[in-house]
Amino acid sequence: TNAAELSKHVSGTPIQQEHSEGQTQVTFNDVPVGAYVVTATGNKIVYAPMVAETYNAEATYMQAKDVQLTAKSTGYIVDKSAEDNFVARGQEVTFTITTTFPSFEVADSADNSFKIVDTPTGLDITGVTEITIGGAETEDYTTSEANDGKYTIDLTNAIGTSNANAGKTVVVTYTAIVTADDGYSNTANAYRNNVDMGHDDEKGYTGNIVLTKYAENGTTVLEGAEFKLYKATKNDVKAEGSTVSALSFIKLADGEYKLALEDEEGATDTLVATNGTLTVKGLDEGDYWFEETKAPEGYSINADGATAAVRENATENVSIPTSLNDTKLSALPGTGGIGTTIFTIGGCL
């Protein structure tokens with residue numbers, strides 16, 4: 001037991017009592033009548049809080065009684081965190097798994113194993129960047145990827161002799177590319193001798209923008225406009241010497257596109273609004289500008305374009321609406337009058 005923790009729950013002098021290493025059942029003797037919260041700590045496992053009542057209800061007069069407690073594990077800690085939880089498709093994200101190296105009942109058995117398995121959705125794991133055990137970097141691991149996408153980090157070679165690493169903090173850092181256009185999720189499980197010791201998951205989200213193309217009245221939807229999309233403001237794109245490039249997309253359906261991965265086949269920066277709407281998916285936070293490159297037939301290009309601001313959200317994907325109005329081209333005016341015929345005749349004469 002931890003005397004400092006126990007002292008938070010009792011008055012007077014903290015109760016201190018020594019116990020044998022490895023002992024799970026503990027008897028507290030001569031404890032004053034009361035109710036106590038007992039915490040157990042160790043460097044190999046996480047224990048659940050315990051409650052002890054030291055009142056002997058069967059005694060004639062108020063009397064204390066000895067209490068026997070059994071420490072119970074809540075499991076090994078497995079914590080998963082991500083460098084970024086609001087992302088763009090194609091973005092590389094760094095993930096960190098923190099857990100505790102387990103202790104083995106038969107310390108040096110050839111059957112002992114310790115593995116961390118990550119199950120990603122919407123991610124392509126590119127590889128481990130670093131693993132530390134007790135703060136020291138190690139190369140005693142192997143990695144493998146199954147057909148179902150599960151990524152295994154095998155730390156069996158790092159077990160050592162006589163539970164040398166038991167209780168030490170294990171930190172695994174790896175990177176992955178976001179492949180989904182609607183966020184990602186992944187779960188890390190730690191296995192001791194193929195038994196699940198615990199897990200933790202991490203989720204990420206993305207944004208999309210829905211552009212609607214109207215006539216100048218703001219209600220009539222126009223068909224056939226084309227656009228380019230920039231992650232920048234109009235001023236940035238049009239500034240002298242600007243090097244801002246239009247984003248590339250993969251067409252999902254008429255009027256629907258997802259942000260393209262690097263060098264992905266079929267990518268285009270020309271976006272066509274179908275039935276008056278254009279949806280672009282897989283965007284992260286930032287300011288975006290649509291440049292109209294082709295107006296619907298009979299209408300003029302709106303040089304102002306359309307803007308949209310995607311803001312980070314930690315709990316869900318976001319959808320941002322925006323719109324753009326075009327002006328109808330006017331018919332060419334008639335020349336009227338006598339025209340040029342009289343001047344032509346005069347010139348011939």
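**View 1. Thr132 is buried, at a relative accessible area of 14%.** Buried means under 20% relative accessible area, exposed means over 50%, and partly exposed lies in between (1.4 Å probe, protein chains only). Thr132 sits in strand β8, residues 123–133. Strands (E, at least two residues) and helices (H or I, at least four) are DSSP runs, numbered from the N terminus. Leaving out residues up to four places away in sequence, Thr132 touches Glu137, Thr169, Val170 and Val171. Contact means heavy atoms within 4.5 Å. This is a predicted model: local features need pLDDT of at least 70, side-chain atom pairs count only at pLDDT 80 or more, and totals for chains, interfaces and linings use all residues. Residues are numbered from 1 along each chain as its sequence is written, and side-chain values use heavy atoms, without hydrogens and water.

**View 2. Five strands form an open sheet with antiparallel pairing.** Their order is β10-β11-β7-β13-β14. Strands β10 (142–145) and β14 (195–204) stand at the edges with a single partner strand each, so one side of each has no neighbour in the sheet. From one strand to the next, the twist averages 15°. Angles run from 0 to 180 degrees between N-to-C directions, with axes as lines fitted to C-alpha atoms (for helices, over the stretch in contact).

**View 3. Strands β7 and β11 pair in the antiparallel sense.** Four bridges join β7 (residues 114–121) to β11 (residues 151–154). Two strands pair if DSSP finds at least two bridges between them. Lys115 stands opposite Asp154 in β11.
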